[in-house]
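My notes follow in the order I made them.

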Amino acid sequence: MLKEFKEFINRGNVMDLAVGVIIGGAFGKIVSSLIDNIISPLIGLMLGGLQLNEALPLKLKDAVMDGEKVVSPELVMKFGALIQSLIDFVAIAFVIFLMVKAMNNMKKKQVEAPAAPAGPTNEEKLLMEIRDALRK
C-alpha cells in the first residue's frame with residue numbers, strides 16, 4: 001500500500017494539482033485584497049459613502065444584556081458582506097477564465113504546427129523501385 005501511495009504521489013498530475021492549489025490560494029488572497037481595499041470602497045463611494053461590508057444590514061434580534069454583560073448577541077444578516085463575497089467570486093472566476101483561455105490558445109498554437117511527413121517505409125521504397133523498373 002505504501003508503494004502504491006508513492007507511485008500516486010510521484011505522478012505529474014498530483015504534483016501539478018498541488019502547485020495549482022497553492023498558487024490558487026495565494027491568488028485568491030490577492031484578488032480578495034484587491035476587492036476589499038480598492039474596488040469595494042469605490043463602489044461604496046458611488047453608493048453615497050457606504051462601506052459595502054456594513055451596508056444593507058437586517059437586524060433579526062436585538063442583543064440581550066444583563067447590565068453591561070452580553071447574555072445573547074444581536075443577530076444581523078449582512079447583505080453587504082454577501083454582495084462583496086459575490087464580487088470576489090465573480091472577479092476570481094473571470095481572471096481564471098482568462099488564464100484558462102490563454103493557456104488553451106497557447107496549446108492550439110502548438111498543435112497547429114504541422115508535423116513533418118513521414119518518409120516512405122522500406123516496403124514502399126521496394127515497390128517504387130519495382131514500379132520504376134517496370135516503366136523502363
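**Entry 1: the Asp-132 pair.** I started with Asp-132. Asp-132 is partly exposed, at a relative accessible area of 34%. Here buried means under 20% relative accessible area, exposed means over 50%, and partly exposed lies in between (1.4 Å probe, protein chains only). Arg-131 is partly exposed as well, at 39%. Asp-132 and Arg-131 form a salt bridge, with the closest N and O atoms 3.4 Å apart. I counted a salt bridge when a side-chain nitrogen of Lys or Arg is within 4 Å of a carboxyl oxygen of Asp or Glu.

**Entry 2: ground rules.** The model is predicted, so local features need pLDDT of at least 70 and side-chain atom pairs count only at pLDDT 80 or more, while totals for chains, interfaces and linings use all residues. Residues are numbered from 1 along each chain as its sequence is written, and side-chain values use heavy atoms, with hydrogens and water left out.

**Entry 3: salt bridges around Lys-59.** How many salt bridges does the structure hold? I found three. Lys-59, Asp-62 and Glu-74 are linked in a network of them. Lys-59 meets Asp-62 at 3.4 Å, N to O. Lys-59 also meets Glu-74, at 3.3 Å, N to O. This second pair links distant parts of the chain: Lys-59 is in strand β1 (residues 57–61), Glu-74 is in the loop between β3 (69–72) and β4 (75–78), and they are 15 residues apart. Both ends of that pair are partly exposed: Lys-59 has a relative accessible area of 48%, and Glu-74 has 40%.

**Entry 4: Ala-63.** I then moved to Ala-63, in the loop between β1 and β2 (64–66). Ala-63 is partly exposed, with a relative accessible area of 36%. I listed its contacts, leaving aside neighbours within four places in sequence: Ser-72, Pro-73 and Glu-74. Contact means heavy atoms within 4.5 Å. I also checked Gly-28, which is 35 residues from Ala-63 in sequence and 34 Å away in space, C-alpha to C-alpha.

**Entry 5: Asp-88.** Is Asp-88 buried or exposed? Asp-88 is buried, yet has no salt bridge. Its nearest side chain of opposite charge is Lys-29, 13 Å away. Asp-88 lies in helix α3 (residues 79–112). Not counting residues up to four places away in sequence, Asp-88 touches Val-31, Ser-32, Ile-35 and Asp-36.

**Entry 6: Lys-29.** Lys-29 is exposed, with a relative accessible area of 65%. From Lys-29 to Met-46 I noted 17 residues along the chain and 25 Å between C-alpha atoms.

**Entry 7: fold and dimensions.** I stepped back to the whole chain. The protein chain has four helices and four strands. Helices (H or I, at least four residues) and strands (E, at least two) are DSSP runs, numbered from the N terminus. The order from the N terminus on is α-α-β-β-β-β-α-α. The radius of gyration is 31 Å, whereas a compact globule of 136 residues would have one near 14 Å. That radius is taken over C-alpha atoms, and the globule rule is 2.2 Å times the number of residues to the power 0.38. Along the principal axes, the C-alpha atoms fill a box of roughly 115 × 50 × 20 Å.

Entry 8: Of the 136 residues, 8% count as buried. Among contacts with a separation of 6 or more, 45% join residues 24 or more positions apart. Last, I counted charges: the chain has 16 positive and 15 negative side chains. Lys and Arg count as positive and Asp and Glu as negative; His and the chain ends are not counted. The centres of the two sets lie 7 Å apart, with each charge placed at NZ of Lys, CZ of Arg, CG of Asp or CD of Glu.
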